[in-house]
Amino acid sequence: MNPLPLLANIVFLLFLVLIVFSVAGMQAFGHVDLTEIMSRHANFQSIQPALTLCFAMATGESWANVMTDIVRDVPSGMNASLYNYLVVFYFIMFILFTQFLIINLYIMVIVDSFEVLANELQGELEAQLPAFATAWALFDKEACGYVQEQMLPALLKTLPAPLGFKNRAKSAG
């Protein structure tokens, strides 16, 4: 399975979420004056700086400082308490959405790597199954499906890698 289409879909969805939150931020917080955190390069006054700011916040960089700067600049004629709830709701939703998508990206990469590794080892393990059955039969004379724990090191020494240590003992010594 090729992970690139899935990766492209998640990256596209993340970009779409960033655009939506940038536009929503421009509508709700475009009035906020520039500060040290919200500079001319990262603010909600136009789309490009808003995307830059949202991308930086999606990585976890200073989103709490941005929220604090926005809370301090209540627009005239608006209830400060209602405005604070709006700001907190916006930032909680933004962080939840973006962090969820970023975590999905990491999980997808880990699962895909595990799948590739499992596929590589599957053929190797299937090729060694007859050797394992033969070695097991030597240590399980009654064919009861049980090998005593004292016999396990000897069993592993008779099996080639990756199931045992037969080839490794020669190369390590």
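A search of the whole structure finds 1 salt bridge, the term being used for a side-chain nitrogen of Lys or Arg within 4 Å of a carboxyl oxygen of Asp or Glu. The structure is a predicted model, in which local features need pLDDT of at least 70 and side-chain atom pairs count only at pLDDT 80 or more, while totals for chains, interfaces and linings use all residues. Residues are numbered from 1 along each chain as its sequence is written, and side-chain values use heavy atoms, with hydrogens and water left out.

The salt bridge joins the side chains of Asp69 and Arg72, at 3.8 Å from N to O. The two residues are 3 apart in helix 3, so about one helical turn separates Asp69 from Arg72. Helices here are DSSP runs of H or I with at least four residues, numbered from the N terminus. Accessibility is described in three classes: buried means under 20% relative accessible area, exposed over 50%, and partly exposed in between, with a 1.4 Å probe and protein chains only. Asp69 has a relative accessible area of 11% and is therefore buried, whereas Arg72, at 66%, is exposed.

Next comes helix 2. This helix covers residues 47-58, and its 12 residues reach 16 Å from the first C-alpha to the last, close to the 16 Å expected at 1.5 Å a residue; the expected span is 1.5 Å times one less than the number of residues. Pro49, Ala50, Leu53, Cys54, Met57 and Ala58 are the buried residues of helix 2. Their cover includes helix 1 (4-29), helix 3 (63-72) and helix 4 (80-139). Just after helix 2, Gly60 takes a positive phi of about 95°.

The model also holds 11 aromatic pairs. Rings of Phe, Tyr and Trp (its six-membered ring) pair if their centres lie within 6.5 Å; planes under 30 degrees apart count as stacked, over 60 as edge-to-face and the rest as tilted. One of the pairs is Phe44 with Tyr90: the ring centres are 6.1 Å apart and the planes stand at 90°, so this pair is edge-to-face. It links distant parts of the chain, with Phe44 in the loop between helix 1 and helix 2 and Tyr90 in helix 4, 46 residues apart. Phe44 is buried because its relative accessibility is 1%, and Tyr90 is buried at 7%. Tyr90 also forms a stacked pair with Phe94, at 6.4 Å centre to centre and 5° between the planes. Tyr90 and Phe94 both lie in helix 4, 4 residues apart, or about one turn of the helix. Ring pairs link Phe21, Phe29, Phe44, Tyr83, Tyr90, Phe91, Phe94 and Phe97 into a cluster.

Val74 lies in the loop between helix 3 and helix 4. With a relative accessible area of 28%, Val74 is partly exposed. Apart from neighbours within four places in sequence, Val74 is in contact (heavy atoms within 4.5 Å) with His31, Ala80 and Tyr83. The C-alpha atoms of Val74 and Phe94 are separated by 20 Å, the two residues being 20 apart along the chain.
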